[in-house]
Protein chains: 2
Amino acid sequence: MRETASAAAKPYHHGDLSRALVMAARRILEAEGPGALSLRAVAREAGVSPAAPYHHFKDKNELLEAVAHEGWMQLGSEVAKARSESPTQRAALTNIGVAYVIFARQNPALYRVMYDGMRDRTEMPLHAKDSDSGWSQVECAIVEAGGDPDPAELQLATIAAWCAAHGLAEMASFREFDSLKESLGGEEGFIRAILDHIGVFIRPGRDRPVQ
Amino acid sequence: MRETASAAAKPYHHGDLSRALVMAARRILEAEGPGALSLRAVAREAGVSPAAPYHHFKDKNELLEAVAHEGWMQLGSEVAKARSESPTQRAALTNIGVAYVIFARQNPALYRVMYDGMRDRTEMPLHAKDSDSGWSQVECAIVEAGGDPDPAELQLATIAAWCAAHGLAEMASFREFDSLKESLGGEEGFIRAILDHIGVFIRPGRDRPVQ
DNA sequence: CACCGATCTGAACGGTGTCAACATAGATCT
DNA sequence: AGATCTATGTTGACACCGTTCAGATCGGTG
């Protein structure tokens, strides 16, 4: 019953469905937004029956978690890139913030899934273990920028920075700020201007000396 | 066909269904969370058929907007209260931030609905007109606390403060910070500690003098 | 009173998450 | 190799969802 002898005959077993499902989900997310992201639609996009995903994810939620995890990984590497490309350690922290917000702005649907999965969770997903997670990178950057290395103080500073970046990531989507953005030289100018007002992001050349 | 002659015979026409629906929605939201908030459930809770809401709201979304609007009003008055009860103008801004985050923490499901409705909106709902909206109160508080009254600068500062508060409102729900909260004297201590790290929130007694 | 418009009901449609029963394919054992 | 086991698919069903539409019911206006 093979389709056309050799080539594209869809096999009964997919081979790597879990990855295919995550990819399909991300495709739908980009193309049609989070509202269109139903489990059935993902299965459809992957060319598979609606029940097939349940052999790889116990839930719709578990699929979304996998998608979110990919997102956090990607964000982590963007952050790492921004940090390593910074000319000075003092500039790194701000650049990390900018990279974070820009990622969220460029992948709004994905970012939404990432944070939605985070909400009713008892722990933050991304940062705990990996030394190159977004979280620990921010910690390092804060210390390197002259922040207080005392663990308790550092944790507070990191939380503060993360709060600001997340808040800005969500607020930056309001069209209401369009004209303001334009007058600040585009999206990135806007982001930098806001981060400039938030103490945890050291302001090169305007802050008091680091030490 | 009246039930028991006079008293509680459910009338065919409800009288004030729109308000009853909003109230029912908020009840469900508090009791079972945002996941349980279906239009049918709201109608059920209000003791009405699933189609009845459509005579008062064109959409499920429009109902949620009404719920969100109530939330923003409530938040606005909480903020106003916190501001007016502050001993000094310099303390007011921080107290506003604390009140904002505490409101979000005490009404997490409502806050989620409020912001979800905000996301794909072209304008922010709450602040534009009313002089006692949360937004304009923050603006006033910033100026009164010694912030730059230049309009452009003030707008940036307000956005920055709002970003931080919103970010903290969402991050404060992570159980991961439980022990940290405890060591800081509870939820409010935690919130103040974080806001302390954010420049737009003036730090009484630690910041440079206002003028 | 007759009537009209606003409000509510009932039944229906397509879509959704999820599950149980069954089918198939690939791996493993003899 | 053949038999068997397990992982991975499919089909069909269930309850629920948002939404619509035709009809029932009521409050008010002529």
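In chain B, helix H6 is followed by Gly146(B), a residue whose phi is positive, near 105°. The model described here is a predicted one. Helix H6 of chain B covers residues 134-144, and its buried residues are Gly134(B), Gln137(B), Val138(B), Glu139(B), Ala141(B) and Ile142(B). The cover over these buried residues of H6(B) includes helix H3 (60-84), helix H4 (89-106) and H7 of chain B.

When residues up to four places away in sequence are not counted, Ile28(B) touches Ala36(B), Leu37(B), Ala41(B), Val42(B) and Glu45(B). Asp196(B), by comparison, stands 168 residues from Ile28(B) in sequence, and the two are 35 Å apart in space, C-alpha to C-alpha.

Turning to chain A as a whole, the chain has 9 helices and 0 strands, and from the N terminus on its elements accordingly read α-α-α-α-α-α-α-α-α. Of the 211 residues in chain A, 39% are buried. Among the contacts in chain A that link residues at least 6 apart in sequence, 61% join residues at least 24 apart.

The contact between the two chains takes 28 residues from chain A and 28 residues from chain B. On the side of chain B that touches chain A, the elements that give two or more residues are helix H7 (151-171) and helix H9 (187-196) of chain B. Of these, H7(B) provides the largest share of that side, with 13 residues, and H7 of chain B is also among the elements that cover the buried residues of H6(B). Sorted by class, the side of chain B that touches chain A has 16 nonpolar, 7 polar and 5 charged residues.

The arrangement of the two copies was examined by superposition. Chain B is superposed on chain A, with an RMSD of 0.1 Å, by a rotation of 180° with 0.0 Å of shift along its axis, which means that the chains are related as by a two-fold axis. The same surface serves both copies, in that 100% of the contact residues of chain B recur in chain A.

Definitions and conventions: Residues are numbered from 1 along each chain as its sequence is written. Chains are lettered from A and ligands numbered from 1 in the order in which they are written. This is a predicted model: local features need pLDDT of at least 70, side-chain atom pairs count only at pLDDT 80 or more; totals for chains, interfaces and linings use all residues. Two residues are in contact if their C-beta atoms, placed from the backbone, lie within 7 Å. Helices (H or I, at least four residues) and strands (E, at least two) are DSSP runs, numbered from the N terminus. Ala, Val, Leu, Ile, Met, Phe, Trp, Tyr, Cys and Pro count as nonpolar, Asp, Glu, Lys and Arg as charged, and the others, Gly among them, as polar. Copies are superposed by least squares on the C-alpha atoms of residues with pLDDT of at least 70 in both. A residue is buried if 20 or more other C-beta atoms lie within 10 Å of its own, exposed if 12 or fewer, and partly exposed in between; C-beta atoms are placed from the backbone.
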